Amino acid sequence: GRPQKHTVLRGAGVRWACSSRDATACAYGTATQLVGHRVHAILNSLSADFISAAFASLGESCFFEEIGKRSIWTVARGVASCATVSYTPVALDVDMTADPVWMQRTLRLLSRRAQTRVATSLPFASYDLETQSDMAFRLLQSGRNMGKVVLRVGTAQAVLGGGGGVRGSHVVVGGTNGLGLLTGRWLAQQGAQSVVLASRSGALAKDASAEWARIRQSGAFALVASCDSSQAADTRRLVARVQGESLRGVWHTAGVLADSLLAGQTSQALARVFAPKVHGAMSLHASLATSPLSACALFSSVASMLGGAGQANYSAANACLDALAACRRRHAQPGVSVQWGAWAEIGMASRGAASERMEAMEAAAGFGRIGLAQGLGALLKAVQPCAPPVVGMIPLDWKRYLGGGAPVPPFLSRFTPAAPAAASARVAGAATATTSLAAPAVSLEMVLEMARRTAGSNVDADAPLMEAGVDSLGAVELRNALQRAVGDGVVLPSTLIFDHPTARQLALFVQPAVEEEPTAQAVVAAQVGESAARIQGTSMRLPGGATSAAAAWRAFASSVDAVGQVPLERWDLAAAVATVKEPVASRIRHGAFIDGAALFDNGAFGVSPAEAAAMDPQQRLLLEHAYVALHGGGLDRAALSNSLTGVFVGIASTDYKEILAASPLAGSVYAATGWSLSIASGRISYLLGLQGPCMSFDTACSAALTATHTGLRALQANEASCSLVAGVNLMLLPGTGASFSTAGMTSA
Ligand SMILES: NC(=O)c1ccc[n+]([C@@H]2O[C@H](COP(=O)([O-])OP(=O)(O)OC[C@H]3O[C@@H](n4cnc5c(N)ncnc54)[C@H](OP(=O)(O)O)[C@@H]3O)[C@@H](O)[C@H]2O)c1
């Protein structure tokens with residue numbers, strides 16, 4: 001299958017995987033991995049040719065359990081092929097009829113194991129039969145599915161809204177105030193039998209009496225309960241209490257704020273925000289594993305979608321809710337995370353002395369506030385089964401939001417109006433500015449408008465901005481707005497608003513001083529300046545088994561020892577050791593090696609088996625990982641073809657050249673390209689139709705670093721629209737390690 005499928009398998013602990021496209025390649029891959037050994041048991045093979053390939057790998061008195069149904073062998077054919085192998089087709093539907101008691105016991109056992117997570121299922125994608133079956137088939141057609149594609153029967157019926165109204169019992173965690181209380185009242189008025197409003201205090205907020213009276217008038221049984229959602233025991237107790245009463249919906253609205261600029265964020269502030277939201281959601285999720293819910297709504301925030309000044313902790317916590325909702329949906333459980341903008345009349349955004357000023361600032365930036373009826377209407381839509389797992393609800397004045405000069409997230413960048421051509425100017429007096437670079441002019445009027453947006457009201461040009469309502473968060477926002485206005489060529493100090501406290505002083509500071517024609521040198525400097533680059537996607541395979549940056553960091557942090565014995569398939573260790581003296585002999589016994597270096601899904605890249613056999617495994621790894629990294633960055637073949645994407649590869653080992661020279665493949669038409677270092681990068685560009693620069697670097701140990709440096713420079717000089725940077729090193733022969741060791745260049 002595709003390289004990303006291999007990645008999933010490796011994540012599940014599978015050490016070796018080989019092609020499932022071509023029976024010959026599968027047989028070859030299996031034989032390579034077995035290195036002369038035989039397989040003891042086979043559980044399912046693909047049909048037709050794959051069955052004979054599988055038989056060929058079995059030893060004597062071994063087992064072959066065939067789960068497939070189409071184009072499989074009969075038992076007689078299995079016996080005829082190899083009498084000592086027990087070949088048994090397994091058909092669950094037949095077994096179910098023949099021995100229903102055994103089947104029931106087995107399914108119960110499996111279900112218990114799944115619940116306690118002793119057994120985990122393959123990944124699967126699930127769709128509603130009635131509303132999403134076309135999506136399911138499209139996924140199957142594309143061949144991108146991993147594990148099973150499940151169609152859910154009968155879940156598309158909306159339990160909320162529609163003719164029947166709300167049924168059953170509902171729990172609102174965080175339901176004693178703000179949005180939770182409103183949701184509780186709404187559920188009760190829609191026909192819920194019972195509504196449980198839970199929070200730490202287990203007491204309604206001071207001004208909740210009117211809402212409470214409405215709930216009671218609705219006829220629903222209503223209860224206020226005490227539950228700290230961050231405590232797993234509390235949530236388990238709460239769910240157990242309601243479960244017997246036909247629990248149909250869970251609404252997780254518990255949340256607190258602990259805003260602070262990034263430099264002031266502490267682990268305590270992070271824990272404070274994560275506790276009710278993330279730990280609460282996770283323990284609810286665990287407690288609800290066996291509840292047949294109709295709705296599970298998680299109250300997330302616009303901070304997760306767009307970020308929020310001073311809200312790094314809150315943004316991250318809400319992003320966790322979004323991920324959980326997506327995860328529940330993938331596992332065929334109801335779940336939606338609603339990224340709310342600020343609500344107008346109730347809830348945390350409407351409270352506090354700064355609320356009105358915040359509202360004015362938001363309005364200046366294009367954000368409106370959510371009205372009660374508007375919000376409840378959106379909530380009703382969000383919990384419909386066909387709605388996406390993560391929904392954003394933000395009233396926006398698009399023109400103001402996109403055209404106001406505030407940073408626009410990349411997913412909306414296509415809608416931003418084209419920026420006016422930047423006027424050439426210099427920034428006066430900026431000690432930290434790169435004064436040789438051109439910067440657009442920023443007038444006093446522009447500074448005043450930016451300050452008005454930040455403060456939420458008009459600002460006097462000569463009044464201190466801090467007194468006009470710009471607080472420390474606002475100071476950072478205003479400095480960032482000015483930074484965007486003057487462009488990347490000038491770095492404004494982070495203390496800008498404190499050093500130049502009025503709008504006039506700011507405008508003077510950033511206004512052009514001496515008009516000079518930029519010199520040719522300055523233009524070049526601007527072109528190759530230190531503009532920031534963004535990492536879009538990564539893919540890796542490291543000794544020790546790490547296949548992601550997170551796994552690599554975990555391995556470093558926990559001092560995982562990635563050094564081990566030379567794998568059998570690399571070289572004959574005894575022969576290698578016999579050719580050298582101590583201490584070199586001891587040193588070359590061990591090294592850091594990756595698993596499965598020989599595996600390659602040639603079919604996925606349109607490479608013939610003959611060419612794949614002559615290709616340096618380093619080239620194969622580069623192809624697979626380049627594809628996964630680009631794909632992970634949201635770039636597919638169609639998007640990449642003919643693009644100015646550059647390929648920069650650090651590669652130094654030429655072991656495969658020696659291996660090829662000594663093998664029958666030396667005479668292959670593919671031999672020259674097979675070992676060539678320049679082809680290592682060229683092949684990626686060629687296969688994906690990339691038109692940017694394409695280079696391989698052999699600067700020994702610094703090869704990958706050189707590739708990274710050059711890739712970054714190509715971006716900064718506009719020679720490439722995107723840089724694919726890779727480093728690969730496979731030790732396939734002992735020679736290089738032995739000579740480095742002899743020269744005392746290795747650490748042990
Ligand atoms: N209001 C908005 O404009 C807005 C915008 C975007 C997102 N949101 C999200 O919507 C949710 C509700 O916001 P809100 O404005 O209604 O907040 P709120 O008025 O402050 O109410 C929060 C509720 O959560 C409860 N709570 C806090 N910690 C808890 C815990 N550990 N366990 C159980 N309950 C806990 C509080 O009661 P106790 O203190 O008694 O526990 C209270 O009932 C929050 O998750 C918030 O992030 C709100």
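Start at L379. Leaving aside residues up to four places away in sequence, L379 touches T183, W186, W251, F299, V338 and W340. Keep in mind that this is a predicted model.

Now widen the view. L379 belongs to the largest nonpolar core, which has 32 residues. L379 is also among the residues with the most contacts inside this core, together with L187, W251 and W340. Which elements give two or more residues to this core? They are the helices α8 (178-190), α9 (209-217) and α15 (372-382), and the strands β7 (194-199), β10 (295-301) and β11 (336-340). Helix α8 gives the most, with 6 residues.

Next, look at how the chain is divided. Domain 1 covers 3-115, and domain 2 covers 121-156. Domain 3 runs over 169-399. Domain 4 takes in 444-527, and domain 5 spans 549-742. How many Å separate the centres of domain 2 and domain 5? Taken over C-alpha atoms, the separation is 36 Å.

Turn now to the surface. L129, F137, L140 and L151 form a nonpolar patch there. Together they have about 340 Å² of accessible area. Helix α7 (residues 129-142) provides the largest share of the patch, 3 residues. F137 is found in this helix, α7. Is F137 buried or exposed? F137 counts as exposed because its relative accessible area is 52%, and the cut-off for exposed is over 50%.

Technical notes:
Residues numbered from 1 in each chain as written. Predicted model: local features only at pLDDT ≥ 70, side-chain atom pairs only at ≥ 80, totals over all residues. Heavy atoms only, no water. Core = buried A, V, L, I, M, F, W, Y, C linked by side-chain atoms within 4.5 Å. Buried < 20%, exposed > 50% of the residue type's maximum accessible area, 1.4 Å probe, protein only. Helix = DSSP H or I, 4+ residues; strand = E, 2+ residues; numbered from the N terminus. Contact = heavy atoms within 4.5 Å. Patch = residues over 30% accessible without salt bridge, like charges linked within 9 Å, V, L, I, M, F, W, Y side chains within 5 Å. Areas by Shrake-Rupley, 256 points an atom, 1.4 Å probe, with all protein chains shown as cover. Salt bridge = Lys/Arg side-chain N within 4 Å of Asp/Glu carboxyl O. Domains from an automatic or database assignment.
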